[in-house]
Structures are given as structure tokens and as C-alpha cells.
Amino acid sequence: MDCATSMRRLPRNFGRALIWIYRHTLSPLVGYNCRHLPTCSVYGDEAIERFGLWGGGWMTLARLLRCQPWGTSGIDNVPQTRPPGAHWYLPWRYGRWRGVNEG
């Protein structure tokens, strides 16, 4: 991997590092309470790896907001492709704000 690629991946790696820190510090104290599979931290890690810190971060935010007592539950995987209409200047379109995996 060359220097330019490493620099481009820096924000993505930073976001994934924050998730790693959460998993090894705060998560054991909070306990296993996620309503979805995979867990929110696994979802966030995969979304940031696949779509970068900006797009994956919005996907993770939407997932965290769905994971509440009156929210959704069940199998909820990160989409394989970028959601339709999602662009860097329309970041909220990355998130699935309601429901789980679409058919």
C-alpha cells in the first residue's frame, strides 16, 4: 500500500479504532444489550470499513437511533452497495432510519 492510499484510509482507520476502543473498554461494562444482529459495534465497524468514515458513520448513527426500546430488532446487516441517492453532500441518505434489512 502506498502513502497516498494510507492517507486516504486514515479517517476510516480512526473511526474503526474508536469502535475497537469502545469494544474493549466501555462495552464489557455496559453488557450485551443489542437488539440487532450483528451488534451495533460490529455493524459500525463494517459500515465504516465498507463506506468510509463519512458514509459509514451516518449508517452507524441511523442504526444506533433504531436500537432503542421502541425501535427495530432482528437481523440487520450492512448493505453491500451504497444506498440509492446517497452522496457525500446528502449523507443522511446513507442511513436506514426505519426497519431492518430490505427485501
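A disulfide here is a pair of cysteine sulfur atoms within 2.5 Å. By that rule, the count for this structure is zero. The sulfur of Cys40 has its closest cysteine sulfur in Cys34, at 3.3 Å, so that pair is too far apart for a bond. Cys67 is in no disulfide either, its nearest cysteine sulfur being that of Cys40, 3.7 Å away.

A word on the model: it is predicted, so local features need pLDDT of at least 70 and side-chain atom pairs count only at pLDDT 80 or more, while totals for chains, interfaces and linings use all residues. Residues are numbered from 1 along each chain as its sequence is written, and side-chain values use heavy atoms, with hydrogens and water left out.

Back to those cysteines. Cys40 is buried at 13% relative accessibility, whereas Cys67 is partly exposed at 21% (buried is under 20% relative accessible area, exposed over 50%, partly exposed in between, with a 1.4 Å probe and protein chains only).

Now look at helix α4, residues 40-66, where you'll find Thr60 (helices are DSSP runs of H or I, at least four residues, numbered from the N terminus). Thr60 is buried too, with a relative accessible area of 13%. Leaving aside neighbours within four places in sequence, Thr60 is in contact (heavy atoms within 4.5 Å) with Tyr43, Gly44 and Ala47.

Technical notes
Helix = DSSP H or I, 4+ residues; strand = E, 2+ residues; numbered from the N terminus.
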